[in-house]
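The stops below are meant to be selected one after another.

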Amino acid sequence: MNRNKLFMLTTVLAALAWTAVAFGAGSGLERLYILDCGQNTGKDQSRWSPGVNEGKPIEFSDNCYLIRHAKGLLLWDTGVPDAVAAMPDGMVAANGAIVYRRAQTLIAQLAEIGVKPADITYVAVSHTHGDHVGNIGLFPTSTVLIQGAEYDWAMTQSVKPAFAATQKIEKLAGDHDVFGDGSVMILSTPGHTPGHESLLVLLPKTGALVLSGDAVHFRDNWEQRRVPSMNVNRDQTLASLQRIAGVLEDKKAQLWINHDKPQSAGLRYAPAYYD
Ligand SMILES: [Zn+2]
């Protein structure tokens, strides 16, 4: 190769490297898997969507997400308990307001993609409702990332999350950069519960995503800014929705609404992934 060609090649490579950094590919974030963590039926949609479909049932998706980064694995939410997979009629929860079902255990889905519980560095939960913390204790060597406000509140409830005794619990006070390079950010979005949080993920090819947690349950509720009556704080919920809207705008991000079954049906579940 003559000097001129070498110079041109170097220039092209430098430009490519710059482009990769500009689009977030320079971070250690590698891929995201969606795991099926429950298929739940709400007895009365109006519990989540005030004034809408009173007395009519609604189907929920309930996802967990596994994020692979060069510095470790993060599991976001743990779904309904794995034991539910062995219950043909499902498990009744919230005083009969909802029935949990599970097609496959979380552990089996992780095994299918070659992941053992001990491989998971962090388990973060959007909040402590039973359809999100159902398997929290299955990761005894992982560090739990949870808002301090959520932890304290959960400990006042009659049914408490079943943390494993050996788990290190890192109590957060607001936003948190999980791997230190800005590619996976926990965003404080209180209101549904006192220490609710959502997750901003900057994937190298797919781009930016916000995983909602239960900041909002369905697309229609997002568009109408509806606040479920069960939420602990209405004003905080609305402020958190506003905050998420700002992040979507700023990062040109997609919003993945965890419990929105029609949206989830259009996404690729593990072993497929997003990178
Ligand atoms: Zn919830």
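Is H129 buried, partly exposed or exposed? H129 is partly exposed, with a relative accessible area of 24%; buried means under 20% relative accessible area, exposed over 50%, and partly exposed in between, with a 1.4 Å probe and protein chains only.

Before going further, note that this is a predicted model, in which local features need pLDDT of at least 70 and side-chain atom pairs count only at pLDDT 80 or more, while totals for chains, interfaces and linings use all residues. Residues are numbered from 1 along each chain as its sequence is written, and side-chain values use heavy atoms, with hydrogens and water left out.

**Stop 1: the zinc ion**

Select the zinc ion together with H127, H129, H192 and D214. These residues provide its protein donors, through NE2 of H127, ND1 of H129, NE2 of H192 and OD of D214, at 2.1 to 2.3 Å from the ion. Donors here are N, O and S atoms within 2.8 Å of the metal (3.2 Å for Na, K and Ca); water is not among the atoms, so sites may look incomplete. Along the chain the donors are spaced as H-x1-H-x62-H-x21-D. H129 sits in the loop between β6 (122–124) and α3 (130–133), and D214 in the loop between β12 and α5 (219–224), so the two tie together parts that are 85 residues apart in sequence. Helices (H or I, at least four residues) and strands (E, at least two) are DSSP runs, numbered from the N terminus.

What is the geometry of the site of the zinc ion? The site is irregular, with angles of 87 to 175° among its 4 donor atoms. Four donors count as tetrahedral if all angles lie between 85 and 135 degrees; four count as square planar and six as octahedral if opposite donors are over 155 degrees apart and all others between 65 and 115; anything else is irregular. D214 is buried, at 2% relative accessibility.

**Stop 2: the open sheet and its helix**

Now select β9 to β13. These 5 strands form an open sheet in the order β9-β10-β11-β12-β13, with mixed pairing. Two strands pair if DSSP finds at least two bridges between them. β9 and β10 (residues 184–188) run antiparallel and are joined by 2 bridges. To find this pairing, pick D177 and look opposite, at M185 in β10.

**Stop 3**

Move to β2 (58–69), where 10 of the 12 residues are buried. β2 pairs with β1 in the antiparallel sense over 11 bridges, and T41 has E59 in β2 as its bridge partner. On to β3: 5 bridges join it to β2, again antiparallel, with I67 partnered by L74. β2 and β3 form a hairpin with 2 residues between them.

Within β1 (residues 29–42), select Q39. Q39 is partly exposed, at 32% relative accessibility. Its C-alpha atom is 5.1 Å from that of R101, 62 residues away along the chain. The side chains of Q39 and D36 make a polar contact of 2.6 Å. A polar contact is a pair of N or O atoms within 3.5 Å; within protein, one must be able to donate a hydrogen and the other to accept it, and residues adjacent in sequence count only if both atoms are side-chain atoms.

**Stop 3: backbone exceptions**

Most residues other than glycine have a negative phi, and most peptide bonds are trans. Select D77, in the loop between β3 (72–76) and β4 (91–93): its phi is positive, near 70°, and the residue is buried at 1% relative accessibility. N95, in the loop between β4 and β5 (98–100), has a positive phi near 55° but is exposed, at 86% relative accessibility.

Finish at P271, in the segment after α7 (261–265). The peptide bond from A270 to P271 is cis, with omega near 15°.
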